[in-house]
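Okay, thanks for coming, everyone. Have a look at the model on the screen and then I'll walk you through it.

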Amino acid sequence: PEGSTILASTVSGTPLAKVEPSLKDFLDEVATATATPGGGAVSALAGALAAALAAMVARLTTGRKKYASAEAQMNAAITTAESLRRQLLATMDEDVAAFNALMDAQHRDKSDSVRPAAIQAALRRATDAPLRVMQLSYEALGVVRAVADLGNANATTDAGVGAHMAIAAIEGAALNVRVNITGLQDKEFA
């Protein structure tokens, strides 16, 4: 998807600005024997797909006489869904960067006095990224609900799939939050 450097980074040897990444490239990268991109990035992508489906249903509704009374709500849904989609794509990169920073901190020499603090800071960052995915995906779920209720009846199943994608994003990101908070010493934050 456009706007995600994680997807662009899957095509090695080509400058990012010249790459039009594909979903196939991303899926190939997920399927490799590397830790990233992993469940966090995939959860963010699921949230972005939910927002994209919400925008699609709203666009299939606007400009139709039958749904004229919902025009303003659908236009607002498009704006919100597109913003959420962009933000969720960005969180794919944030999640990968946070996980990589955690791995770097954990691989520091055990005699390094900064290591424990670096691990704690990285764990917090690795918790923040999926929390953001959860928040944005919950917002996307709200947009999906609005377009399902007021939008084009012929696109109801698309809204339904969008709802399932948002829920998958929230649940997937929650798994990452749970695993990361177990290592946090800041129990108030955890």
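So, how many residues does the chain have, and what percentage of them count as buried? The chain has 190 residues, and 41% of them count as buried, where buried is under 20% relative accessible area, exposed is over 50% and partly exposed is in between, with a 1.4 Å probe and protein chains only.

Quick housekeeping: this is a predicted model, where local features need pLDDT of at least 70 and side-chain atom pairs count only at pLDDT 80 or more, while totals for chains, interfaces and linings use all residues. Numbering starts from 1 along each chain as its sequence is written, and side-chain values use heavy atoms, with hydrogens and water left out.

Overall, we've got six helices and zero strands, so defined as DSSP runs, H or I of at least four residues for helices and E of at least two for strands, numbered from the N terminus. Taking contact as heavy atoms within 4.5 Å, look at pairs at least 6 apart in sequence: 72% of those contacts join residues at least 24 apart.

Now, the pair I'd like to show you. Two packed helices are described by the angle between their axes and the distance between the axes. Helix α3, residues 39-61, and helix α5, residues 115-150, have axes that come within 9 Å and cross at roughly 25°. Those axes are lines fitted to C-alpha atoms over the stretch in contact, with angles from 0 to 180 degrees between N-to-C directions. That makes α3 roughly parallel to α5, because angles under 35 degrees count as roughly parallel, over 145 as roughly antiparallel, 65 to 115 as roughly perpendicular and the rest as oblique.

Who makes the contact? From α3, the residues include Gly 47, Ala 54 and Thr 61, and from α5 they include Val 133, Ala 140 and Leu 150.

Next, Thr 127, which is also in helix α5. Is Thr 127 buried or exposed? It counts as buried, at 1% relative accessibility. Leaving aside residues up to four places away in sequence, Thr 127 touches Val 177, Asn 180, Ile 181, Leu 184 and Phe 189. Its C-alpha is 8.3 Å from that of Arg 178, 51 residues apart along the chain.

Last one: Asn 154, in the loop between α5 and α6 (156-181). Asn 154 is exposed, with a relative accessible area of 72%.
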